[in-house]
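Please find below some notes on the model. They are set out as numbered points, from the whole chain down to single side chains.

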Amino acid sequence: MTSPAQALLLPYRAEHTPATAAQPGAPALHRMRLTIGDQGGLISPPVHCERITFSLPAAPDARVPASEPVILRTQLDLPRGPGRGRQWLVEAATSDPAVTLLNLLPAAPARFDGTWALTLTLDISTPLGDTIRVLEETALDNSPQHHTRSAPLAATPRTS
């Protein structure tokens with residue numbers, strides 16, 4: 001599902017794939033794919049971004065023991081080019097078993113104009129809920145003021 005236009009400046013898409021049976025001795029991992037900036041057209045005016053935070057709550061019926069560590073693997077796909085934040089850092093916080101926090105920080109402010117997208121794929125041992133929270137620190141291209149915006153984002157099941 002895409003982001004609510006009234007609250008967030010950037011377009012988002014979240015897709016999840018539930019874990020399948022794991023190999024013997026290996027944990028079953030759930031996959032979440034978060035795409036930022038791709039709406040199939042130009043973003044006008046472009047959006048400058050300094051940080052994106054995702055709050056990923058555990059599924060309501062998930063049993064996540066506080067004594068077990070969360071297994072988390074991330075992969076960030078980003079085409080190279082000017083205005084794309086150069087290098088992005090993904091910071092994860094898994095100390096609360098009920099929610100996983102992911103901070104995406106560009107080395108330089110990124111300029112989303114609709115011609116490229118940033119995709120974060122994560123594999124996680126915690127079953128995730130269908131709604132995640134997005135917090136972005138962004139500004140429109142023609143505005144010197146950065147604002148923090150926050151909104152829920154529904155994740156849709158991935159079909160392929």
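1. Among contacts (heavy atoms within 4.5 Å) between residues at least 6 apart in sequence, 71% join residues at least 24 apart. This is a predicted model, in which local features need pLDDT of at least 70 and side-chain atom pairs count only at pLDDT 80 or more, while totals for chains, interfaces and linings use all residues. Residues are numbered from 1 along each chain as its sequence is written, and side-chain values use heavy atoms, with hydrogens and water left out.

2. The chain has 11 strands and 0 helices; these are DSSP runs numbered from the N terminus, with at least two residues (E) for a strand and at least four (H or I) for a helix. Of its 160 residues, 38% are buried, where buried means under 20% relative accessible area, exposed over 50% and partly exposed in between (1.4 Å probe, protein chains only).

3. An open sheet of mixed pairing is formed by 5 strands in the order E4-E8-E2-E1-E11; strands pair if DSSP finds at least two bridges between them. Its edge strands, E4 (72-77) and E11 (156-157), each pair on one side only. E4 runs antiparallel to E8 (residues 118-124), and 6 bridges join the two.

4. Within that pairing, Arg73 stands opposite Asp123 in E8. The side chains of Asp123 and Arg73 also meet in a salt bridge of 3.6 Å, N to O, the criterion being a side-chain nitrogen of Lys or Arg within 4 Å of a carboxyl oxygen of Asp or Glu. Because Asp123 lies in E8 and Arg73 in E4, the pair ties together parts 50 residues apart in sequence. Asp123 is buried, at 11% relative accessible area.

5. The structure holds 4 salt bridges. One of them joins Glu137 to Arg51, with the closest N and O atoms 3.5 Å apart. Glu137 is in strand E9 and Arg51 in strand E3 (residues 47-57), so this pair links parts 86 residues apart in sequence. Glu137 is partly exposed at 24%, and Arg51 is partly exposed at 25%.

6. Arg111 and Asp113 form a salt bridge with closest N and O atoms 4.0 Å apart. Salt bridges with shared partners join Arg31, Arg73 and Asp123 into one network.

7. Glu136, in strand E9 (residues 131-140), is buried, with a relative accessible area of 0%. A polar atom of the Glu136 side chain lies 3.4 Å from the backbone nitrogen of Leu10. Not counting residues up to four places away in sequence, Glu136 touches residues including Leu10, Arg51 and His147.

How values were computed: Polar contact = N/O pair within 3.5 Å; in protein donor to acceptor, adjacent residues only side chain to side chain.
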